[in-house]
Protein chains: 2
Amino acid sequence: MQNDDLVDPSQKAAIKRKRSDAVADRIRRHIFQAGLKPSDRLPQEPQLIDMFGCSRSTIREALKSLEVQGLVQNSTGPAGGARVASVSPARTIGLLSNYFYFHPINIVQIYQIRRLTEPELAASVVGHLRDSHFAALERTIEEQHEHPTDAAGWAHHRKVEVEFHEILIEACPNPLLGLMCRFVNEAINWTIGTVGDNELSWAFSCANIDYHRRLIDAFRSGDAERAREVMHEHVLSAESFLLRPNEPQQPVFAEPLQLD
Amino acid sequence: MQNDDLVDPSQKAAIKRKRSDAVADRIRRHIFQAGLKPSDRLPQEPQLIDMFGCSRSTIREALKSLEVQGLVQNSTGPAGGARVASVSPARTIGLLSNYFYFHPINIVQIYQIRRLTEPELAASVVGHLRDSHFAALERTIEEQHEHPTDAAGWAHHRKVEVEFHEILIEACPNPLLGLMCRFVNEAINWTIGTVGDNELSWAFSCANIDYHRRLIDAFRSGDAERAREVMHEHVLSAESFLLRPNEPQQPVFAEPLQLD
DNA sequence: TAGTATTTGTACGTATGTATA
DNA sequence: TTATACATACGTACAAATACT
């Protein structure tokens with residue numbers, strides 16, 4: 001029995017853990033230590049059953065745990081089974097959002113963070129934007145020029161505005177900064193989506209277009225500090241349009257985010 | 001059959017999901033919408049089997065999913081079963097750390113974030129520190145005065161230094177800011193722990209003590225901007241002691257964090 | 001297009017472990 | 001100590017999805 005492998009010698013009088021958790025932890029450790037890459041295959045269930053000397057349900061619970069963490073994906077059929085997956089930003093943010101049900105946060109507090117992260121994002125992408133990025137950025141500006149007429153048009157408009165920032169996140173060399181910006185964007189989207197106040201003023205849109213233009217300009221001249229400053233103004237401007245600081249703020253992510 | 005309850009009418013031609021995921025999602029949604037609080041009980045397994053019209057293994061996989069997410073905790077015995085749990089910071093950070101195995105981040109990039117978050121943390125706690133907080137802060141300074149002699153002493157010293165910042169996090173009214181600071185601290189701890197360079201210079205410690213003193217002073221006078229500035233200096237100072245920017249940096253969280 | 005083999009997903013029955021009274 | 005109520009673990013059987021012929 002390879003059952004003994006489960007016992008971690010480092011914790012002598014080990015706390016009582018569930019078997020499936022121990023197995024999940026061992027597999028996770030193996031993924032990290034063996035340097036497995038996305039789409040690398042894990043052994044199939046019968047082999048894992050053999051390796052760990054436990055039942056199928058235990059193995060399946062362990063794989064479920066890893067699946068929820070976003071570390072593996074399962075598929076059926078021939079050549080199926082568990083494969084290592086790159087933990088996606090969407091999943092990470094989904095898991096993160098759970099935290100804020102029990103530790104409520106409102107949109108004013110989100111903007112307190114956005115004032116920090118977005119300017120740094122703007123500064124950090126300088127020198128990392130390729131032609132394809134610039135092309136994509138310009139494209140969002142083109143699309144924003146059309147003055148929406150109906151609700152669907154405004155929704156699309158909003159989406160394009162957010163896209164500008166997502167392109168920057170793509171180019172950001174610091175993955176933690178990128179993730180924080182993604183989370184903040186998601187929080188803002190969520191708020192706008194639930195408040196249903198989709199028809200923001202055209203003046204707001206015009207201001208945004210102008211800021212985006214000035215940002216591209218700073219990016220092109222390779223001026224990180226100017227990019228930072230313009231983005232700072234941009235965030236403050238958006239804040240003044242979107243926030244009603246005196247109104248009571250409802251918690252962000254009061255409803256759960258989809259995990260896939 | 002209450003099986004129909006599983007079908008979300010909003011997504012007409014719903015994508016094919018696993019039953020257990022659908023059940024997990026429904027339970028999660030229920031927790032949020034019903035406003036359940038930590039330690040509130042969920043129905044027991046037989047009742048859930050009945051409610052969702054599916055088998056025990058499906059229900060157990062769903063509960064496992066929620067457990068991994070940190071939303072519920074299971075217990076055996078009479079009056080046992082699944083109870084709602086407040087998603088802990090430790091679990092959130094553990095799940096978050098998985099992301100960075102596939103999107104590597106080094107300590108220089110961590111400090112890029114720390115320069116943003118810690119000063120904001122210092123400013124944000126002004127007016128939120130109670131006597132107990134001040135007492136705890138002063139206590140860490142007392143403990144830091146002893147010049148460590150052995151490795152264990154230095155480890156303790158480090159721990160106390162970090163504790164100062166954790167007390168601030170406790171008092172921070174913005175949960176996202178608090179979480180980010182926690183994550184950054186964890187990353188720094190991890191790095192110091194693995195590098196094994198536990199014996200940092202005494203000059204570094206003395207500088208830290210001085211900064212901490214000046215921070216407490218700013219907190220007492222209710223001067224948020226001064227607190228921000230002092231903390232900014234503090235972070236830059238620590239950076240200059242800890243970082244060797246020209247050396248190749250190994251990725252942070254190359255080994256997985258414990259989830260409990 | 002249909003058929004078949006492979007592998008996970010779901011179901012059910014039973015036994016074991018554990019915490020409470 | 002015993003009984004009870006609950007989760008945890010195991011084993012087998014079958015359904016469903018996928019890839020390949």
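Modeller: B:Ser97 is buried, at a relative accessible area of 2%. Buried means under 20% relative accessible area, exposed over 50%, and partly exposed in between, with a 1.4 Å probe and protein chains only. B:Ser97 belongs to helix 4 (residues 89-102) of chain B. Helices (H or I, at least four residues) and strands (E, at least two) are DSSP runs numbered from the N terminus. The B:Ser97 side chain makes a polar contact with the backbone oxygen of B:Gly94, at 2.7 Å. Such a contact is a pair of N or O atoms within 3.5 Å; within protein, one must be able to donate a hydrogen and the other to accept it, and residues adjacent in sequence count only if both atoms are side-chain atoms.

A word on the ground rules. This is a predicted model, where local features need pLDDT of at least 70 and side-chain atom pairs count only at pLDDT 80 or more, while totals for chains, interfaces and linings use all residues. Residues are numbered from 1 along each chain as its sequence is written, chains are lettered from A and ligands numbered from 1 in the order in which they are written, and side-chain values use heavy atoms, leaving out hydrogens and water.

Now the aromatic rings. Over all chains there are 14 aromatic pairs. Rings of Phe, Tyr and Trp (its six-membered ring) pair if their centres lie within 6.5 Å; planes under 30 degrees apart count as stacked, over 60 as edge-to-face and the rest as tilted. A:Tyr101 and B:Phe32 are stacked because their ring centres lie 4.2 Å apart and their planes meet at 20°. This pair crosses between chains: A:Tyr101 is in helix 4 (residues 89-102) of chain A, and B:Phe32 is in helix 1 (residues 19-33) of chain B. Both partners are buried, A:Tyr101 at 13% and B:Phe32 at 5% relative accessibility. One aromatic cluster is formed by A:Tyr99, A:Phe100, A:Phe183, A:Trp190 and A:Phe253.

A:Arg220 places its charged end over the ring of A:Phe134, 4.4 Å from the centre. In chain B, B:Arg220 lies over the face of B:Phe134 at 4.3 Å. The rule asks for NZ of Lys or CZ of Arg within 6 Å of the ring centre and within 35 degrees of the ring normal.

Next, the DNA. Around DNA strand C there are 23 residues, with A:Arg56 and B:Thr58 among the closest. A residue counts as near if one of its heavy atoms lies within 4 Å. A polar side-chain atom of A:Arg56 is 2.7 Å from a base oxygen of DNA strand C. B:Ser57 has a side-chain N or O atom 3.2 Å from a base nitrogen of DNA strand C. B:Thr58 contacts a phosphate oxygen of DNA strand C at 2.5 Å.

DNA strand D has 22 residues around it, B:Gln44 being one of the closest. Sugar and phosphate make up 73% of the DNA strand D atoms that come within 4 Å of the protein. Polar side-chain atoms of A:Ser55 and B:Gln44 lie 2.9 Å and 2.8 Å from phosphate oxygens of DNA strand D. Helix 3 of chain A gives the largest share of the surface near DNA strand D, three residues.
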